[in-house]
Amino acid sequence: MKAVFRMEREKQNFLFYKEYENDSSILGFHSQIELYFVDDGEMEATVNSHHKTLKKGEMCVSLSFDAHSYSTPAYSRSSVLIIPTYMCSEFIESIKDKRIATPFICNPKTVSEIKEYVTKLNLCHDNDVKKHGYICLILGIVAENIYFEKSDISVDTSLSSKMLMYISSNYAKNISLKTVAAELGYNQSYLSRYFKSCFKVGFNQYLTTIRLKNALMLMNEKKHKLTYCALESGFNSLRTFHRAFNNEFKCTPKEYLKK
């Protein structure tokens with residue numbers, strides 16, 4: 001399936017660091033900046049249309065709303081630093097009309113320098129001034145070592161987050177782009193263009209993806225009829241659900257469950 005909005009991560013909008021062993025994640029996105037480090041072994045990393053097998057001492061960078069996923073081919077130890085946009089406003093302002101062209105940093109010396117500042121950042125605790133300083137240093141080095149290209153739209157992270165949060169909270173209802181535009185106080189035509197430019201997918205297609213994701217979750221519980229799974233996920237009929245499901249998975253829901 002296509003990338004989905006990570007609503008849980010969006011709600012937990014704070015500085016986050018964690019280490020993993022044999023990590024994997026589905027293709028998703030959020031408003032925060034995400035730095036992912038391979039500390040041992042190998043990781044398959046995808047950021048938007050870019051894919052690479054990262055080795056020990058390498059890393060990748062995901063900016064706001066970049067679709068990203070990770071998987072472990074055999075063995076890996078990895079770590080992730082997630083920085084909310086409100087903690088790096090200068091960096092966000094400097095790249096507001098840009099997008100990532102090469103999200104991977106493969107120079108072990110550079111990655112080691114970044115990791116050194118990440119370690120110091122994690123030791124700051126309640127010292128917000130030092131935190132801000134280390135975040136600036138980390139993102140400054142990142143900006144020097146990845147390539148950007150001009151974007152066709154200036155991303156408003158607040159607007160993008162509000163749109164996705166609204167969809168995630170209301171997809172089971174009879175909503176449309178007109179509904180979202182009225183809720184947020186924006187022109188419908190503008191939001192349509194903005195959504196497609198920002199997320200590289202149309203509003204209706206994204207809404208269908210979210211509904212299919214929920215329907216799959218209900219189907220996998222194996223205690224509901226398909227009609228319930230479809231209607232509970234926001235589809236207005238079983239026929240509409242079957243058509244969307246077949247377009248996405250090239251099979252019927254019953255065939256999917258048998259597989």
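These legends walk through several close-up views of a predicted model. Local features are described where pLDDT is at least 70, side-chain atom pairs count only at pLDDT 80 or more, and totals for chains, interfaces and linings use all residues. Residues are numbered from 1 along each chain as its sequence is written, and side-chain values use heavy atoms, with hydrogens and water left out.

**View 1. Helix α5 meets helix α7.**
Let us begin with two helices, α5 (residues 157-170) and α7 (residues 188-199). Helices (H or I, at least four residues) and strands (E, at least two) are DSSP runs, numbered from the N terminus. The axes of α5 and α7 come within 11 Å and cross at roughly 95°. Here an axis is a line fitted to C-alpha atoms, for helices over the stretch in contact, and angles run from 0 to 180 degrees between N-to-C directions. On the α5 side look for Leu159, Ser160, Met163, Leu164 and Ile167, which meet Tyr190, Leu191, Tyr194, Phe195, Cys198 and Phe199 of α7. By class, the residues of this contact are ten nonpolar, one polar and no charged. Ala, Val, Leu, Ile, Met, Phe, Trp, Tyr, Cys and Pro count as nonpolar, Asp, Glu, Lys and Arg as charged, and the others, Gly among them, as polar.

**View 2. Helix α6 also meets α7.**
The axes of α6 (residues 177-184) and α7 come within 9 Å, crossing at roughly 110°. That makes α6 roughly perpendicular to α7. From α6, Leu177, Lys178, Val180 and Ala181 meet Gln188, Leu191 and Ser192 of α7. Four nonpolar residues, two polar and one charged make up this contact.

**View 3. The largest pocket.**
Its volume is about 660 Å³. On a 1 Å grid over the protein atoms alone, a pocket is an open set of points with protein on both sides within 12 Å along at least five of seven lines, whereas a cavity is a set where a 1.4 Å probe fits but cannot get out; lining residues have an atom within 4 Å of a point. Grid points are joined across faces, edges and corners, and a volume is the space filled by probe spheres set on the points. Of the 31 lining residues, Asn48, Phe65, Asp66, Cys198 and Lys200 are the closest to the pocket centre. Strand β9 (98-102), α7 and α8 (203-220) each supply at least two residues of the lining. The lining has 14 nonpolar, ten polar and seven charged residues.

**View 4. Phe65, in a loop.**
Phe65 sits between β6 (58-62) and β7 (68-71). Its phi is near 65°, a positive value in a residue other than glycine. Most residues other than glycine have a negative phi. Phe65 counts as buried, at 6% relative accessibility; buried means under 20% relative accessible area, exposed over 50%, and partly exposed in between (1.4 Å probe, protein chains only).

**View 5. Ile100 in strand β9.**
Ile100 is buried, at 4% relative accessibility. Not counting residues up to four places away in sequence, Ile100 touches His50, Val61, Leu63, Asp66, Ile146, Tyr147, Phe148 and Glu149, where contact means heavy atoms within 4.5 Å. Ile100 and Lys150 are 50 residues apart in sequence, and their C-alpha atoms are 8.9 Å apart in space.

**View 6. Ile82 in strand β8.**
Strand β8 covers residues 76-83. Ile82 is buried, with a relative accessible area of 4%. Leaving aside neighbours within four places in sequence, the contacts of Ile82 include Arg9, Phe14, Leu15 and His30.

**View 7. His51 in strand β5.**
His51 belongs to β5 (residues 50-55) and is exposed, with a relative accessible area of 51%. Apart from neighbours within four places in sequence, His51 is in contact with Glu44, Ala45, Thr46 and Phe104.

**View 8. Asn214 in helix α8.**
Asn214 is buried, with a relative accessible area of 12%. Leaving aside neighbours within four places in sequence, Asn214 is in contact with Tyr171, Glu232 and Ser233.

Note on methods:
Angles under 35 degrees count as roughly parallel, over 145 as roughly antiparallel, 65 to 115 as roughly perpendicular and the rest as oblique.
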